[in-house]
Amino acid sequence: MSSNRMSIETDPTFFDGGCTCRFVRYRMTARPLFVHCCHCRWCQRETGASFALNALIEADRVQILQGEVEVINTPSNSGKGQNISRCSRCRIAVWSTYAGAGDAIRFIRVGTLDEPDRLPPDIHIYTVSKQPWVVLPPDVPAVAEYYRASERWPRESLERRAVILARSRP
Ligand SMILES: [Zn+2]
Ligand SMILES: [Zn+2]
């Protein structure tokens with residue numbers, strides 16, 4: 001095991017969050033792989049706002065500390081649907097999974113974290129439909145639609161992704 005892998009596995013960094021009624025409490029047990037700020041129309045509609053902020057992380061690095069989620073299959077931009085996990089009582093969405101990345105990667109809704117300020121976006125995506133009053137910071141990458149992880153993610157995150165991909169192959 002490389003020393004680099006050790007540092008990831010023993011990373012004491014926790015990110016706790018939950019729903020509005022506080023029935024559901026969860027913990028991310030590591031830093032996310034990458035954080036998306038998505039300006040697509042679907043995210044605008046689902047949040048009722050101007051963008052969605054999602055922290056991508058391996059499903060097995062998310063622990064439900066308390067409560068339970070209900071998984072609602074919801075249409076998505078790709079046409080393949082997304083599964084949105086919602087508090088079974090107050091129905092606030094805490095994370096989604098998408099057909100593209102499969103169940104192995106959860107898109108945690110950063111706004112449900114206790115300290116959302118800790119996870120600013122690593123990239124802005126679908127800026128083609130960004131609402132014009134939203135002004136992006138010049139030092140954060142932005143793409144008109146989507147991007148290749150291999151070109152944007154830090155090396156550590158790509159290594160973690162490779163582990164997931166290896167696991168999901170038959
Ligand atoms: Zn709730
Ligand atoms: Zn989106």
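This is a predicted model: local features need pLDDT of at least 70, side-chain atom pairs count only at pLDDT 80 or more; totals for chains, interfaces and linings use all residues.

User: What radius of gyration does the protein have, and why does it agree or disagree with a compact globule?
Analyst: A compact globule of 170 residues would have a radius of gyration near 15 Å, so the computed value agrees with that expectation. Along the principal axes, the C-alpha atoms fill a box of roughly 45 × 40 × 35 Å. Buried residues make up 42% of the 170 residues. The radius of gyration of the protein is 16 Å.

User: In what order do the elements of the protein run from the N terminus on?
Analyst: The protein has four helices and 10 strands. From the N terminus on, their order is α-β-β-β-α-β-β-β-β-β-β-β-α-α.

User: Which residues have the most contacts inside the largest nonpolar core?
Analyst: This core has 16 residues. Strands β3 (34-38), β4 (52-58), β9 (102-109) and β10 (123-125) each supply at least two of its residues. Leaving aside residues up to four places away in sequence, Y147 touches F34, H36, I123, I125, R152 and W153. The residues with the most contacts inside the core are I105, I123, I125, Y147 and W153.

User: How many residues has the other core, which lies apart from it?
Analyst: This other core includes F15, A55, V110 and L113. Its number of residues is 13.

User: Why is the arrangement of donor atoms around the zinc ion (ligand 1) tetrahedral or otherwise?
Analyst: The protein donors are the SG atoms of C19, C21, C87 and C90, lying 2.3 Å from the zinc ion (ligand 1). Four donors count as tetrahedral if all angles lie between 85 and 135 degrees. The four donor atoms subtend angles of 105 to 113°, and the arrangement is therefore tetrahedral.

User: How many residues apart in sequence are the parts that C21 and C87 tie together?
Analyst: Along the chain, the donors of the zinc ion (ligand 1) follow the spacing C-x1-C-x65-C-x2-C. C21 lies in the loop between β1 (15-18) and β2 (25-28), whereas C87 lies in strand β7 (residues 82-87), so the pair ties together parts whose separation in sequence is 66 residues.

Technical notes: Residues are numbered from 1 along each chain as its sequence is written. Chains are lettered from A and ligands numbered from 1 in the order in which they are written. Side-chain values use heavy atoms; hydrogens and water are left out. Donors are N, O and S atoms within 2.8 Å of the metal (3.2 Å for Na, K and Ca); water is not among the atoms, so sites may look incomplete. Four donors count as tetrahedral if all angles lie between 85 and 135 degrees; four count as square planar and six as octahedral if opposite donors are over 155 degrees apart and all others between 65 and 115; anything else is irregular. The radius of gyration is taken over C-alpha atoms; the globule rule is 2.2 Å times the number of residues to the power 0.38. Buried means under 20% relative accessible area, exposed over 50%, partly exposed in between (1.4 Å probe, protein chains only). A nonpolar core is a set of buried Ala, Val, Leu, Ile, Met, Phe, Trp, Tyr and Cys residues joined through side-chain atoms within 4.5 Å. Contact means heavy atoms within 4.5 Å.
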